[in-house]
Amino acid sequence: MSDSVFNLTVDENKIAVVTIDVQGEKMNTLRSSFADDLKALLAEAKQQSVKGMVFISGKSDNFIAGADVKMLDSVQKREDALAISELCHHAFFDMENLPFTTVSAIHGAALGGGLEFALACDYRVGTDSGITIIGLPEVQLGLLPGGGGTQRLTKIIGIQKGLEWMLTGKQIRAQQAKKAGVLDDCVPHSVLLKVAKEFAAKGKAPTKEPKLDTVSKLLESNPFGRNFIFKKAKENVIKQTGGHYPAPLLIIKAVRASVELDKLKAYKTEAESFATLVMSDESKALRSVFFATTEMKKDWRNGDAPAINKTAVLGGGLMGAGIAHVSAVKAKVPVRIKDVAEQGISNAMSYTYKILDKRLKRRIMSKADMQLTMSRITGATDYSGFKNIDLVIEAVFEDLELKQGMVADIERECQENTIFASNTSSLPISQIAAQAQRPENVIGLHYFSPVEKMPLVEIIPHAGTSKETITRVVNFARKQGKTPIVVKDTAGFYVNRILAPYLNEAANLMLAGEPIEKIDAALVEFGFPVGPLALLDEVGIDIGSKIAPILEKELGERFKAPDAFTRMIESKRLGRKTGHGFYEYDKKGKKVDESIYELLNVTPAPRLNKSEIAKRCIAQMLNEAVRCLDEGIIASPRDGDIGAIFGIGFPPFFGGPFSYMDKLGASKISSDMSTLGSSNAIFTPCDTLVAMAESGAKFYAAQPSTEPTGESEPAEQATDDAAAPSAKE
């Protein structure tokens, strides 16, 4: 079995230890050869008359991280996808029917197919290490667990909890998994193998009932209660996804089959649903996003670049607090917060404390871990403690003179190689660096709010930023748990550049008489997590108004914001933070503030259907995304897709704006824009779209990509749980 991922040894007590190790890879994944390897392994174990078998990983930080997604992406026919699921079913049936006991000894990630493998064993033992997690996250790729997960998990933890885990794709810590009944024990890593061997010597485990509370037991034990559970689950899924994602509904169907059909028919339901999803457009788009984010991790990789080990944040407001949080909690580095007032520092530290306290109460983290994390955050009203800082991130209001002064302060107070990063959303980085003594250390680092939830960060080098600075900041952003895209230093960068015309058009439609709730509903139905007017309220009307003049000055009339925004600001209608904007807010939630129509001299008079509203708002976003690619603001369609999905919540099931345009075709997109442009020139398709329409070209053609470095040359085009939250400045 030298070529196998399994390495078998048998001790004097006839307990076999199988080490799982996919050679040449950091992660163990289930591959096409897995079933044959497992069959050969089990046959050899029977020959040696083993009494028990323990599966343990040869990797330091994962058990089996899931199935190889590339294997699924290579599937051309539905029959082939069906065969993959059925092959897994038969392999795991063989494991269940062995004459000896099997145990999974789990340290690190056991996700997707990895957990399905473990569920087919008689026992599961996990380590109490923080890196040990289990889960069935297939829904995040538009799939369902195709290796028996929908059938086995609910029999162990119950229908409701099983649906919750699978419909959200949540990852469960070891202690929680033991409490739910998935793990039979949770032990220190040092004794994992010893304890697993003890379980292997016990013999087959008796069938256990799920650990359910009284109400859950009553509901799940009879057909009427189960019918209620499945009905509510379906209603919730449709409400949350708008029906855009088929996977959650098929997960419900497969789980229902596990309790209503005989075993073979139930497993057939899972396999058929799995095959349908593998071939679906939605899953293909979500898998493309997965591959894109994986590929992006290779960008700007340089192991020789000095690591960032100490950080500082200038400004203790909401953004500064969020940046300090992800630096201390995710990147696990010391953070020094400077603010003009002690209260600002206190507020910023309290921000992280409140988040961690919730985790403590939910037993996600220990008190010791919480105290250790909080100890990384310190503060001052001066520059004491800044001498050895590697990276300083400013998060103050948009004032060029203030930011330039901060650059000078940092150059005076810190090391020669200390990086100054600005969180500006509108000011050119070149202007912030204009008076710097060491401009090579100045860069833009644009986060989105709330920082701890939004996955994207834009990294903006100016023409003089060094490549080492870019690399160090990209690496650090990844340590913070972010997906970074490097964009060119121009007005609005990328995300705000494509977002502004989208928001402006929504406001213009409202001023033309389209009801607020109808506009927002149209874009939610299209697939955005929130509508554009609700998003404006979240961002703050005043924040958006500061960016608009800069974009209009640099890019022209098409970025002119409606005058209505000025009237709203004058009347203190800034959105959620003031309790009134397009909506009014109270403890119960929000509803349209009807008085806004009178303020803006608008009489609601709907004339467009929702599809037309969505098309008008999206058209300018698509047009601007193409211009950004032409101008080298983004390096590739891949970066444009990821930036739009993770930055503004562009529907992931479309794969991003460039994937969406490829799917519809440049001819269709250009034609629709031309029709709109006949009455309003701002909709006129850009030259590239027109040319692509004529040639039939696509964005994802086999062309090399280039990385934006702040230079003026345009970049070339490149190949390559659930919608992202909405973007805020």
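The protein chain is divided into domain 1 (6-279), domain 2 (311-490) and domain 3 (495-564 + 606-695). The model is predicted. Between domain 1 and domain 2, the C-alpha centres are 40 Å apart.

**Annotated region**
- An unreviewed UniProt entry assigns residues 492-585 the annotation "domain: 3-hydroxyacyl-CoA dehydrogenase C-terminal".
- Helix makes up 62% of the chain over residues 492-585 and strand 3%.
- The end C-alpha atoms of residues 492-585 are 29 Å apart.

**Helices H20 and H26**
- Helix H20 spans residues 495-511 and helix H26 residues 610-630; their axes come within 8 Å and cross at roughly 155°.
- Angles over 145 degrees count as roughly antiparallel, and H20 and H26 are therefore roughly antiparallel to each other.
- Their crossing is right-handed.
- H20 contributes Arg 497, Ile 498, Pro 501, Tyr 502, Glu 505, Ala 506 and Leu 509 to the contact, and residues of H26 in the contact include Ile 613, Arg 616, Met 621, Glu 624 and Cys 628.
- By class, the residues of this contact are 11 nonpolar, 1 polar and 5 charged.

**Helices H11 and H12**
- Helix H11 (residues 246-260) packs with helix H12 (residues 263-278) at an angle of about 170°, the axes being 8 Å apart.
- That angle makes H11 roughly antiparallel to H12.
- On the H11 side, Pro 246, Ala 247, Leu 250, Lys 253, Ala 254, Ala 257 and Ser 258 meet Ala 266, Thr 269, Glu 270, Ser 273, Thr 276 and Leu 277 of H12.
- The residues of the H11 contact with H12 comprise 7 nonpolar, 4 polar and 2 charged.

Technical notes
Residues are numbered from 1 along each chain as its sequence is written. This is a predicted model: local features need pLDDT of at least 70, side-chain atom pairs count only at pLDDT 80 or more; totals for chains, interfaces and linings use all residues. Side-chain values use heavy atoms; hydrogens and water are left out. Axes are lines fitted to C-alpha atoms, for helices over the stretch in contact, and angles run from 0 to 180 degrees between N-to-C directions. Helices (H or I, at least four residues) and strands (E, at least two) are DSSP runs, numbered from the N terminus. Angles under 35 degrees count as roughly parallel, over 145 as roughly antiparallel, 65 to 115 as roughly perpendicular and the rest as oblique. A crossing is left-handed if the near helix is turned anticlockwise from the far one by less than a right angle, and right-handed if clockwise. Contact means heavy atoms within 4.5 Å. Ala, Val, Leu, Ile, Met, Phe, Trp, Tyr, Cys and Pro count as nonpolar, Asp, Glu, Lys and Arg as charged, and the others, Gly among them, as polar. Domain bounds come from an automatic or database domain assignment. UniProt positions are given in the numbering used here, feature names are shortened, and annotations may be inferred rather than shown by experiment.
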